[in-house]
Amino acid sequence: MIPSPQTKPPPRLNYAARRKAGLVKTKPRQRIKPVSAKRKSEGAEYASLKKFFLVAHPVCQFPGCTCREGLEIHHKARRGRFFLRTDTWMSVCRYHHDQIEQNPTLAKENGYLLTPEQRRALA
């Protein structure tokens, strides 16, 4: 008896080839929200707190500085879970804010940035 010839199955197409051939159903993509609902509500609360904090602290809190214009909030304990805690904020001018951010070792020595141990003690 003569064996029948076996045929090979066609090669399997990869995803890109199937998509190009129109064999893949595509869903319309949804845009990722730029801000989550939780962060949006925190942002509104932060704006309100920031306004009152800067009114209560109208001068740069960096020693020796008397600047009253362009004040910003410096977060001594970073912005994570201490984002809305005003006891970890400093009112500083742009120049001193840059100084604090560019020199973290000096900032930690002077108390302008809190160490992880100090942050744990606050929590």
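Reply: The model is predicted: local features need pLDDT of at least 70, side-chain atom pairs count only at pLDDT 80 or more, and totals for chains, interfaces and linings use all residues. Residues are numbered from 1 along each chain as its sequence is written, and side-chain values use heavy atoms, with hydrogens and water left out.

Me: In which element is H96 found?

Reply: H96 belongs to helix α3, residues 94–102. Helices are DSSP runs of H or I with at least four residues, strands are runs of E with at least two, and both are numbered from the N terminus.

Me: Why is H96 called buried?

Reply: Buried means under 20% relative accessible area, exposed means over 50%, and partly exposed lies in between, with a 1.4 Å probe and protein chains only. H96 has a relative accessible area of 13% and is therefore buried.

Me: Which residues does H96 touch, not counting those up to four places away in sequence?

Reply: On that basis H96 touches C60, F62 and C65; contact means heavy atoms within 4.5 Å.

Me: What makes R94 and E72 a salt bridge?

Reply: The term requires a side-chain nitrogen of Lys or Arg within 4 Å of a carboxyl oxygen of Asp or Glu. For R94 and E72 the closest N and O atoms are 2.8 Å apart, so the pair qualifies. This pair links distant parts of the chain, with R94 in helix α3 and E72 in strand β1 (residues 72–75), 22 residues apart.

Me: Why is R94 called partly exposed?

Reply: Its relative accessible area is 42%, so R94 falls in the intermediate class.

Me: How many salt bridges does the structure hold?

Reply: The structure holds four. One of them joins the side chains of R39 and E42 at 3.3 Å, N to O. R39 and E42 both lie in helix α2 (residues 37–56), three residues apart, about one turn of the helix. R39, with a relative accessible area of 40%, is partly exposed.

Me: How do you know whether A121 is buried or exposed?

Reply: A121, located in helix α5 (residues 116–122), has a relative accessible area of 66% and is therefore exposed. The C-alpha atoms of A121 and E101 are separated by 22 Å, the two residues being 20 residues apart along the chain.
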